[in-house]
Amino acid sequence: MKPLTNAELSRMIGDIYDCAVEPSRWFQTLDLIRDRMELAFVQLNFTSMSKSGSGLPPDMITFQTDWNREWIDKLPGLLDIIPGVDAMFDTEIDTPISQMQLLTESEFRATKFCEAWVKPQGLRDTCNTPLVKRRDLTGILVAVSYESRALFDDADREIFALLSPHVRRALMISGMRTENRFRASLQHNLLDRLATGIMIVTHGGKLVYANASAEMLLSSGRNIAVKGGRVQAAHPPFAAGFNEAVERACAENDTDIGLRGNGIPLPSRDGAPAVCYVLPLGKSESRRALGPGLAAIFISTEKAALPPTLEALSALTGLTSQESRIALMIAGGVSPKDGAEQLGISLNTIRSHITHIFQKTGTNDQQAVARLVGDLSLPVLQA
């Protein structure tokens with residue numbers, strides 16, 4: 001496979017963000033990923049356990065490129081014999097893992113699963129990328145290759161790791177809406193009926209539009225407020241991360257937002273929780289139909305929507321999931337040597353990550369990183 005150009009990667013990310021407002025576009029977006037990466041098929045699974053204990057089955061959303069439905073339906077019954085299936089599902093978010101990382105190809109080709117499901121379809125390797133891992137919510141991106149394609153390598157996994165947080169953002173924004181049919185062109189008739197607060201902003205967080213739910217949040221001033229016509233996080237430690245995410249989202253290039261704004265907690269003095277996702281509108285006609293601004297801020301006050309600490313830290317600082325994990329270790333008093341052993345990486349690698357953490361957070365030693373994490377580790381982050 002030829003390496004992806006920056007233009008191709010930018011297009012993929014832009015198409016992913018279009019899916020946030022038009023979920024039906026997931027099919028063509030996954031087709032784009034499949035074709036450009038020369039894959040057999042790509043599948044996106046998103047499962048909500050919010051009905052747990054109610055006797056009702058979980059809500060499951062699956063988007064997938066075209067493939068033989070009979071073979072897909074056989075897969076759940078073969079889970080017990082899939083080599084390394086637990087490791088592939090247990091890995092951390094934004095961390096792609098392929099089957100051939102867990103065993104040699106000759107070992108895999110000799111398994112019952114390969115004989116029953118892989119070989120008959122002319123397939124070779126699978127790469128899973130966890131997108132969301134919460135008590136009530138899971139999401140995973142699955143990529144499967146043809147027998148004629150090379151095994152998934154570090155370059156492939158790097159692409160999936162780059163796409164992962166953008167897919168998560170689009171999925172979470174879609175899930176925050178309470179209307180099954182969402183037409184952006186009906187902004188004032190539809191957006192005002194949504195329980196999710198939605199604001200459209202331009203550079204500097206200047207407010208252009210707020211639906212009824214957002215107006216209620218702004219008027220209370222508990223989690224978020226408007227000062228001088230600009231939207232701001234009410235709690236000071238979160239203000240800088242929120243402002244940076246909004247400003248990055250207002251750039252014309254969808255990729256400029258990076259990891260920021262992908263689930264920012266917005267605590268209040270009385271402990272009332274809220275969480276926001278910042279969506280760049282870019283040059284997309286479908287996203288721009290939301291309103292005459294440059295970025296959209298989606299806010300939920302449902303406690304179940306709160307991201308775990310690792311996601312929240314990444315959303316506020318722009319650290320990757322691995323860097324956030326290491327920052328949390330530093331804050332917990334874990335030495336670089338012990339951290340390297342826990343993560344299964346070399347001491348030089350963890351030192352390199354720490355250098356990146358310093359650069360991205362504006363800190364210059366591990367004590368400063370610990371203080372930063374401490375400032376952001378409010379009770380809301382532990383939910």
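**Close-up views of a predicted model**

**View 1. Helix H1 covers residues 6-21 in this predicted model.** H1 has 16 residues. From first C-alpha to last, H1 reaches 24 Å, close to the 22 Å expected at 1.5 Å a residue.

**View 2. Buried residues of H1 pack against other elements.** Leu9, Met12, Ile13 and Gly14 are among the buried residues of H1. The run from Asp15 through Ile16, Tyr17, Asp18, Cys19 and Ala20 to Val21 is buried too. Packing partners of these buried residues include two helices, H2 (26-36) and H7 (154-175). Strand E11 (275-280) and helix H11 (285-288) also pack against them.

**View 3. Pro58 sits in a loop between two strands.** Pro58 counts as partly exposed because its relative accessibility is 35%. Leaving aside neighbours within four places in sequence, Pro58 is in contact with Thr47, Ser48 and Met49. His353 is 295 residues from Pro58 in sequence. In space, C-alpha to C-alpha, Pro58 and His353 are 37 Å apart.

**View 4. Two stretches have pLDDT under 50, residues 179-186 and residues 379-383.** The protein chain averages a pLDDT of 88, and 92% of the residues score at least 70. For residues 179-186, the model has 15 contacts beyond four places in sequence. For residues 379-383, there are 16 such contacts. Where pLDDT is low, the predicted coordinates should not be read in detail.

How values were computed: Residues numbered from 1 in each chain as written. Predicted model: local features only at pLDDT ≥ 70, side-chain atom pairs only at ≥ 80, totals over all residues. Heavy atoms only, no water. Helix = DSSP H or I, 4+ residues; strand = E, 2+ residues; numbered from the N terminus. Buried < 20%, exposed > 50% of the residue type's maximum accessible area, 1.4 Å probe, protein only. Contact = heavy atoms within 4.5 Å. Expected span 1.5 Å × (residues − 1). pLDDT = per-residue confidence, 0-100.
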